[in-house]
Amino acid sequence: MTEGLGYLAGALVEFAAPEPLFNVLWATLLGIAVGMLPGLTATLGVALMTTLTFRMGAQDAILILICMYVGAIYGGGRSAILLNIPGTPASAAATLDGFPLARAGRAGRAMGIATSGSVLGTLIGMVFLALLAPVLADFALAFGAFEFFWLALFGVVIAGRLTALGDPLKGWLAGFLGLLLAMVGQEGIHAYGRFSFGHADLAGGFGLLPALVGTFGFAEILSVMKNPAYDLVRGKVDSVIPRLREVLRYRWTIVRSGVIGTFMGLIPGVGEDMGAWVSYAAARRASKERERFGTGSIEGLMSAETGNSAAVPGAIIPVLTLAVPGSAPSAVLLAAMFIHGVRPGPLIMIEFPGFVYEVVAMILLASLAILLWGLLLTRPMLAVLRVPREKLMPVIFVLCTIGSFAIASRIFDVWVMLGFGLLGFVLREMKYPMAPLVLGIVLGDILDKSLRRGLVLSDGDPTPFLIRPISAVLAAVTVMTIVLGIPAVRRGAGRLLGRLAGGGSAN
């Protein structure tokens, strides 16, 4: 712990220089603007910024990306409150109480509550990041090829289950489509070409960043242009300074939502939107004024904004310790770390012992920046929402194209971006979730290499995948997740539990 505090203090001193602070301020502000605009997600912002920071130093680039990430998740609440349209999926829960507050003439108060919740949620998640990441990294040293295979498969399965609660099959199909697409190109052990059909470009596989930019960029452009334009809430905005007594009144809601959001972020592929919804549901269940939820509840808005912001550091924990993303934006952040020479995973506390605490310092500075911008520039930044979509979308398309080309200077990557954009748009229209697809693309390489290495180590015997302790637990949880996702099984289990509960009460 003392060593960690030393690393953290050193990182804060290093970031106190004018250039890093300037990067924190402009990157967070740009992230807020990206998050505010409906159709521009945090994933798109981080992906585009990754392509623009390609030639920067690793520390500066990752600082900018984390500030963009934190700012975009916070910024999504602005349009959720004012337009009833979440700027990012993570802000969907904020519309339930934020928009009624704005309609009642309390838009400023709602944005002040959202700001305080976002800052406190980020700080709670940051504390868990500092405490859990070293412990999880030490635990992950026990992981081998057998365990990483099941971890990757579990990530895809649980992401599909939790992002498509109404129809888990759609989530699983999207996830396994991502795994299939990740198999294109030379495999990682013997460099044997698969699914390349004689094309040299396909032999290199699909680039992760062009695929992500297409899925969350070009697909968003198509979706936004398809949907009708939005109308801004007119009228005077009241004070955006949060009231201390309200923050103190809901302190336990903030703590509970921060803890829930952090642990939802820890689950591979689940991310900030589930952090918000689960925190909101828990707050409503525990509230003494639950009848006000959905009609303009301060507590409801606070829980949603705290939960989604706490999930940001939560999602970064598995990125650093397992090289497994907790959400779609953190998947892009993971790719950026590899691009800039940082190798996240179980060895990070050995190879880069101070890096985890540098990330903690980055999140702390980003949370202070959203507090500053949230209190000072809320009114001026409302002008961002008045930018015509017809002028904005062509600019975003140009950035998607340039960013996809800039990574490897290949026209093929532009076609990959366009292809994945069309695929993402079609899947969205068919109500398939995007997070499992992206997670499948990211984890496909880990799953493939781990399966092959495990079979090599066991001379082709699959039993170690099932009998090693950690592998057995992960396998059981994965199978259980799939089985309980089948509606008939779930209904049967519910009836059985009901009968057992009834029998127990009768006795």
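A word on the source. The model is predicted, with local features needing pLDDT of at least 70 and side-chain atom pairs counted only at pLDDT 80 or more, while totals for chains, interfaces and linings use all residues. Residues are numbered from 1 along each chain as its sequence is written, and side-chain values use heavy atoms, with hydrogens and water left out.

I'll start with the pocket. The second largest pocket has a volume of about 740 Å³. A pocket here is an open set of points on a 1 Å grid over the protein atoms alone, where a 1.4 Å probe fits, with protein on both sides within 12 Å along at least five of seven lines; lining residues have an atom within 4 Å of a point. The volume is the space filled by probe spheres set on the points, which are joined across faces, edges and corners.

Of its 27 lining residues, Leu-322, Ala-323, Phe-338, Pro-344 and Ile-446 are the closest to the centre. By class, the lining has 19 nonpolar, three polar and five charged residues. Nonpolar means Ala, Val, Leu, Ile, Met, Phe, Trp, Tyr, Cys and Pro; charged means Asp, Glu, Lys and Arg; the others, Gly among them, are polar.

Which helices supply at least two residues each to this lining? They are α7 (145-163), α10 (208-226), α15 (328-339), α16 (348-351) and α21 (435-457). The most comes from α21, with six residues. Helices are DSSP runs (H or I, at least four residues), numbered from the N terminus.

Two of those helices, α10 and α21, pack at about 180° with axes 11 Å apart. Axes are lines fitted to C-alpha atoms over the stretch in contact, and angles run from 0 to 180 degrees between N-to-C directions. The pair is therefore roughly antiparallel, a label for angles over 145 degrees. Leu-208, Ala-211, Leu-212, Thr-215 and Phe-216 of α10 meet Leu-437, Val-438, Ile-441 and Val-442 of α21, where contact means heavy atoms within 4.5 Å. That contact has eight nonpolar residues, one polar and no charged.

Next, α15 again, now with α3 (residues 42-52). Their axes lie 8 Å apart at an angle of about 15°, so the two are roughly parallel, the label for angles under 35 degrees. On the α3 side, the contact includes Val-46 and Ala-47; on the α15 side, it includes Val-332 and Leu-333. Its residues divide into nine nonpolar, two polar and no charged.

Last, α2 (residues 18-36) and α17 (residues 355-376) come within 9 Å and cross at roughly 60°. They are therefore oblique to each other. Among the residues that meet are Leu-25 and Leu-29 in α2 and Ala-369 and Trp-373 in α17. This contact has 11 nonpolar residues, one polar and no charged.

How values were computed: Angles under 35 degrees count as roughly parallel, over 145 as roughly antiparallel, 65 to 115 as roughly perpendicular and the rest as oblique.
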